[in-house]
Amino acid sequence: MTNRIIACGALGLLAGALAGCGPKIKPTDQGIRDKVLLVTVGAKTEDLDPHVVTGVPEHHVIAALTEGLVAEDPVDLHPVPGTAEKWEVSADGTVYTFHLRENAKWTNGDPVTANDFVQSFKRILTPALASKYAYMLFVMKGAEEYSLGKLNDFSQVGAKALDERTLEITLNSPTPYFLALLNHYTWFPVHIPTIEKHDGMIRRGSGWTQPENFVSNGAFRLKSWQLGRKIVVEKNPHYWDVATTKLNEIHFYPVELETTQENMFRGGQLHNIYNLHTDKIATYKKDHPDELRIKPHLASYFYRFNVTRKPCDDVRVRKALAMALDRDSITKNVTKGERMPALFFTPPGVNGYTARARIEENVEKARQLLAEAGYPDGKGFPPLELLYNTTEGHRIIAEAIQQMWKKNLNIDIKLENQEWKVYLDRQREMDYQVSRAGWTGDYPDPNTFLDMWTSWSQQNQTGWAKPEYDALIRKAATTQNTEARLEVFQQAEEILMEELPILPIYIYTRVYALHPAVKNWHANVLDHHPWKHVDLEAKAAE
Amino acid sequence: MLKFILRRILETIPVLLCVAAMTFFMCRLAPGGPFDDDKQVTPEVRELLDKQFNLDQPLYRQFIDYVVNLPSLQSFKNPSHTVGGIISEKFPVSAKLGFFAISIALGLGVLFGVIASLRPNTYIDYIPSSLAMIGICLPTFVMGPLLILVFSLQLDWFPPTGWGGFNYDQFFAADMVLPSLTLGLFYAAYISRLTRGGMLDILTQDYIRTARAKGASGLRVILRHALRGGLLPVISFMGPAVAGLIAGSFVIEKIFAIPGLGQEFVNSVFNRDYTLVLGVVMFYATLIILLNLIVDILQVVLNPKLKFD
């Protein structure tokens, strides 16, 4: 018996060794030949229902499968015609009329109609569905009331199908980023008859997202979905712009570990590394500069202060803590990856906005402020705990900050790491003093960063509220003139940087690697890559 | 023997119920819930979500519902999939990896262990024993990347990750070698230590001397007489070890990007995916109980001193 097992094992190994040897073609090279892109977008895709999901991996897959009213330019993401071939905006900027193209089709051949959009908006706003991201539609008239159940008649909501191919959307106020917002998957159309057939109008996981049932309208259609293994999408022949689509298939692999992503990339199994480990940056700069990409990202890394608890209830303490950091040193020596030290909250260059407010890094002043708050040279400073979710990257930053505060202000803080869900729970319950946080913009506009500090925002979680600030964010929403609107945001951010309910640390970069054969993959702050333009090209013969 | 098996199966029912209750209530006591996310939702939406997933029912009701309908319950994290669906999709992958690893572990482990035990305290003993010691000391998260570095990225013999060429339906593919080896070698090290110990005990027994005196060949004495007793410690070890191996190894699955049950097990806890946690725990518990039963039967078969009561 034992002998037999040994024999089996040895045979298995031998067979494996033989299968592994000999000439063979790498999956990536085969992919280039067949125009099949092999990518990872990090974590596992939870679902493909755009009204239910909330994550970034889901965005990448759904963007391949579905198209909204407008599409994105592959280079700078400015809105270009999508399912709608043209649109008009009313003089006051609140009414948009979209004209859908005649040849826009679902993967089952049905035409995409204005009513499909209206019904899709209705579905995501239906209270019983409890969509976590329904608030993305709240710029539309009556949407918020409908989703809260205060309004029962959907015809009162600002989405109307004027005819088969004309859609009118009425907004609460002129929203300059509205067209960009339309590229968020919450605004994407879903095929209502399919969902109804599977009883999924107000239910998650009804089976309509399974490959045999899925109907969509994008450049690709769903070929297979094996949970946690891979999702395969193939070129959709019914797509109106199928002539533009370059790739035959895209395979999305869930690979969470950065080191595994790199092994797969090096081993010819993937055309990209979604996140390159920062320790590898130097090696890639030296050996593979043509593959490495480091690009600014629309995301901020910061700490929240709980302003309802001592000692961070005192603005002088918060200021002292914010001033006593050396952010340059943190981004150069700790985080690496060319992140930008942040003396403000909103990542610069968003829709023409770069914050003018600046935190002054000044240790002398910080000490003085701390003394004014009653803690000269850190004496008598109450115990302070910094909460972060258990991750190596957050730990080393927290330790660096702990050290800077000790050195510059002579105060001791305690670091406390918690598992993700516990950390979220404590932040939500405001059971913390200082807490690590990050925010990725939902759309390229300062509003996505600044409206979260209003008194009514669920994302605030600091206990800080200021009527002047709330008023400015409200004012920005109704200001039609672009310059004037950005000025209102400037004032808001100045208040934020004066009051400092948060401690900005750095602006994220995306550090990744891409196979040289991948074409039309442009870097942009949202990290969107409209898939129909992406191509694979073998290097010309040498 | 039948009575013994029947009694043992009946005994598992209260054990499983206890496991279910403990898992369920511990999950619920842990802070945070399935709907906590870095983008927080309004209390209204949270309430509606609770309603949709029946979290608004009293706890005991939910518990009964979970126990009765477990396989057909929706996963919180992947609502398009049921608990039973996820387990039946992922378990075969883990089981196959486990099977290959066990084959390697038993093959190499027993062989090395027996060799070492035949000439104790000589080089024939020292070399396999020190190799085994190294194997135990090298955790899989070191061994895995090392093997990838050497055999994939340097020598290019095997793909660095994957399972069945990413097709998942081939019985054997080159990419299964490294994960099976990583997992197998670790257990092989343990098994060789256990075999060596067990064999050393047995080889000094009277009945071995009798067998030799009868004129049985050296190989026959080892295979027929000594191994039977010498492997008993290995067999007790294998029960839970096999359960662990075929139910999936989180570390190996992560390193090699293998879509097995081990990842679901760990991630479901982090995600507070209440239904899936319970499903995987119950599945794992049943597996352990079953394998322990088999081990107990095997021990009686192999050890004439034991009886079924």
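In what order do the four strands of the open sheet in chain A run, and what is the pairing? Keep in mind that this is a predicted model, then select the strands and look: the order is β1-β10-β9-β8 (chain A), and the pairing is mixed.

**The sheet in chain A**

Start at the edges. Those are β1 (36-40) and β8 (220-226) of chain A, each of which pairs on one side only. Look down the sheet and you'll see the strands twist by an average of 20 degrees from one to the next.

Now zoom in on β8(A) and its neighbour β9 (residues 230-235) of chain A: the two run antiparallel, joined by six bridges. For one of the partners, pick A:F220 and find A:K235 in β9(A) across from it.

**A helix on the inside**

Stay in chain A and select α10 (residues 315-323). Seven of its nine residues are buried, so this helix is largely enclosed by the rest of the structure. Show the side chains of A:V317, A:R318, A:K319, A:A320, A:L321, A:A322 and A:M323, which are the buried ones. What do they pack against? Colour β12 (292-305), α12 (363-372), α13 (392-409) and β17 (502-514) of chain A, and you have the partners.

**A stop in a loop**

Go to A:D110, in the loop between β5 (95-100) and α4 (114-125) of chain A. Then draw a C-alpha to C-alpha distance from A:D110 to A:H238: 9.5 Å in space, although they are 128 residues apart in sequence.

**Over to chain B**

Switch to chain B, which has 13 helices and zero strands. Its C-alpha atoms fill a box of roughly 85 × 55 × 35 Å along the principal axes. Of its 309 residues, 44% are buried. Among contacts in chain B between residues at least 6 apart in sequence, 70% link residues at least 24 apart.

**Where the chains meet**

Finally, select the contact itself: 53 residues from chain B and 50 from chain A. On the chain B side, α2 (43-52), α4 (83-118), α6 (140-154), α11 (250-255) and α12 (261-270) each supply at least two residues. The largest share, nine residues, comes from α4(B). Colour this side of chain B by class and you get 30 nonpolar, 14 polar and nine charged residues.

Methods: Residues are numbered from 1 along each chain as its sequence is written. Chains are lettered from A and ligands numbered from 1 in the order in which they are written. This is a predicted model: local features need pLDDT of at least 70, side-chain atom pairs count only at pLDDT 80 or more; totals for chains, interfaces and linings use all residues. A residue is buried if 20 or more other C-beta atoms lie within 10 Å of its own, exposed if 12 or fewer, and partly exposed in between; C-beta atoms are placed from the backbone. Two residues are in contact if their C-beta atoms, placed from the backbone, lie within 7 Å. Ala, Val, Leu, Ile, Met, Phe, Trp, Tyr, Cys and Pro count as nonpolar, Asp, Glu, Lys and Arg as charged, and the others, Gly among them, as polar. Two strands pair if DSSP finds at least two bridges between them. Axes are lines fitted to C-alpha atoms, for helices over the stretch in contact, and angles run from 0 to 180 degrees between N-to-C directions.
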